[in-house]
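I opened a notebook page to keep track of what I looked up, entry by entry, and in the order in which I looked.

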Amino acid sequence: MTASATIEARRRINLPAWAREIAGEQGLAAGLALLATLILTALLGPLLDGDNANATAYGTLLPPSGRHLFGTDDVGRDVLARVFDAIRLDLELALVICALAMLVGATIGLFSGYAGGVVDLIVMRLVDIMMSIPVFILALITAVVLGNTEQTMVLAIAFAYTPVAVRIVRSQVLSLRELPMIETSRAIGTPAWRIVLWHILPNTFSVLTAQATLFLAWAILDTAAMSFIGVGVHPPTPELGAMIAEGSQYIVSGQWWLSVFPGIFIAMLVISFNLVGDGLRDYLDPRSRR
């Protein structure tokens with residue numbers, strides 16, 4: 001189908017303007033479709049499958065079959081049921097990590113960028129120091145210091161992402177605070193907190209939204225990586241990275257399904273969030289509109 005025919009078909013369907021624009025962003029539409037499929041699979045899968053993720057009433061190390069589509073693990077648990085639970089857990093952890101990083105980072109970035117001067121200088125030097133350490137290493141060090149638990153892993157990863165959010169929001173504030181409307185508000189005596197909350201913060205939402213989806217992709221990867229090395233989520237709780245670690249010892253003996261299926265779903269989650277993030281960045285940036 002040609003481009004003109006595709007556009008004409010969308011018009012005949014009478015989609016809302018925003019839906020037509022999203023459909024025009026192929027990467028964004030594909031990412032949203034893939035992400036929606038994964039979320040529905042995670043939510044509805046246990047209802048359709050009926051298997052308990054920790055039930056051990058099955059044979060051990062059974063290969064994929066009609067009864068167990070993803071096979072069973074070394075203690076007789078259904079891998080498919082565990083993958084469903086693991087996707088839900090990873091998404092929940094990623095959402096909490098992203099929310100904490102964006103909330104703290106945006107607050108510090110708004111304050112630092114608007115205040116300027118010595119405050120901004122001190123904040124940005126601290127941010128530079130934190131960003132000089134790779135995110136995963138910073139999160140790993142923080143998790144080890146705080147303790148080897150699921151909660152401390154979440155706090156550690158969010159702490160490692162916060163400097164990125166600070167820098168992004170601060171750069172937006174620096175460009176916005178010089179706008180005529182902001183200078184006019186200051187000139188008539190509008191309190192600084194009102195200027196920040198009512199004029200500056202809303203204009204950072206588009207950048208924050210796009211960055212949040214990328215944070216979600218990073219959080220999926222880092223959560224899986226930390227669980228893989230034994231920091232954070234521990235067995236028997238189903239988590240994609242931990243499942244790969246549990247199954248890695250059986251790959252050489254031919255039980256590939258224990259690690260391959262969790263790895264596939266990690267890749268699908270990361271790809272979907274990256275597609276959505278890139279698509280949102282293009283969709284929300286007026287300069288990239290076609």
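This is a predicted model: local features need pLDDT of at least 70, side-chain atom pairs count only at pLDDT 80 or more; totals for chains, interfaces and linings use all residues.

Entry 1: The axes of α10 and helix α12, the latter covering residues 257-284, come within 8 Å and cross at roughly 165°. An angle over 145 degrees counts as roughly antiparallel, and α10 and α12 are therefore roughly antiparallel to each other.

I then listed who makes the contact: on the α10 side I found Ser206, Thr209, Ala210, Thr213, Leu214, Leu216, Ala217, Ile220, Leu221 and Ala224. On the α12 side the list includes Ile266, Leu269, Val270, Phe273, Asn274 and Val276, and it goes on to Leu284 by way of Gly277, Asp278, Leu280 and Arg281. Sorted by class, the residues of this contact of α10 with α12 come to 14 nonpolar, five polar and two charged.

**Entry 2: a serine in α12.** Staying with α12, I looked up serine 272, which has its place in that helix. Is serine 272 buried or exposed? With a relative accessibility of 0%, serine 272 counts as buried. Once I left aside its neighbours within four places in sequence, I found serine 272 in contact with Gly31, Leu34, Leu35 and Leu38.

**Entry 3: aromatic pairs.** How many aromatic pairs does the structure hold? I noted seven of them.

Next I looked at tryptophan 256 and phenylalanine 261, an aromatic pair that is tilted, with 5.6 Å from centre to centre and 50° between the planes. Here tryptophan 256 counts as partly exposed at 39% relative accessibility, while phenylalanine 261 is buried, with a relative accessible area of 14%. I found that both belong to a cluster in which ring pairs link Phe70, Trp256, Trp257, Phe261 and Phe265.

**Entry 4: α5 against α7.** Coming back to α7, I looked up its packing with helix α5 (residues 117-131), and found that the two axes come within 9 Å and cross at roughly 135°. That makes α5 oblique to α7, and α5 passes α7 in a left-handed crossing. From α5 the contact draws on Asp120, Val123, Met124, Val127, Asp128, Met130 and Met131, and from α7 on Phe159, Pro163, Val164, Val166, Arg167 and Arg170. By class I wrote down nine nonpolar, no polar and four charged residues for the contact of α5 with α7.

**Entry 5: α8 against α9.** I then turned to helix α8 (residues 180-187) and helix α9 (residues 192-200), which pack at an angle of about 155° with their axes 11 Å apart. α8 and α9 are therefore roughly antiparallel to each other, and their crossing is right-handed. The contact is made by Met181, Ile182, Ser185 and Arg186 on the α8 side, with Ile195, His199 and Ile200 on the α9 side. The class count I noted for the contact of α8 with α9 is four nonpolar, two polar and one charged.

**Entry 6: an isoleucine in α6.** I looked up isoleucine 137, which is found in helix α6 (residues 135-146) and is partly exposed, with a relative accessible area of 38%. Between isoleucine 137 and alanine 160 I noted a separation of 23 residues in sequence and 8.8 Å in space, taken from C-alpha to C-alpha.

**Entry 7: the whole protein.** Last, I stepped back to the overall counts, and found that the protein has twelve helices and zero strands. Buried residues make up 43% of its 290 residues. Among contacts between residues at least 6 apart in sequence, I recorded that 69% join residues at least 24 apart.

Terms used:
Residues are numbered from 1 along each chain as its sequence is written. Side-chain values use heavy atoms; hydrogens and water are left out. Rings of Phe, Tyr and Trp (its six-membered ring) pair if their centres lie within 6.5 Å; planes under 30 degrees apart count as stacked, over 60 as edge-to-face and the rest as tilted. Buried means under 20% relative accessible area, exposed over 50%, partly exposed in between (1.4 Å probe, protein chains only). Axes are lines fitted to C-alpha atoms, for helices over the stretch in contact, and angles run from 0 to 180 degrees between N-to-C directions. Helices (H or I, at least four residues) and strands (E, at least two) are DSSP runs, numbered from the N terminus. Angles under 35 degrees count as roughly parallel, over 145 as roughly antiparallel, 65 to 115 as roughly perpendicular and the rest as oblique. Contact means heavy atoms within 4.5 Å. Ala, Val, Leu, Ile, Met, Phe, Trp, Tyr, Cys and Pro count as nonpolar, Asp, Glu, Lys and Arg as charged, and the others, Gly among them, as polar. A crossing is left-handed if the near helix is turned anticlockwise from the far one by less than a right angle, and right-handed if clockwise.
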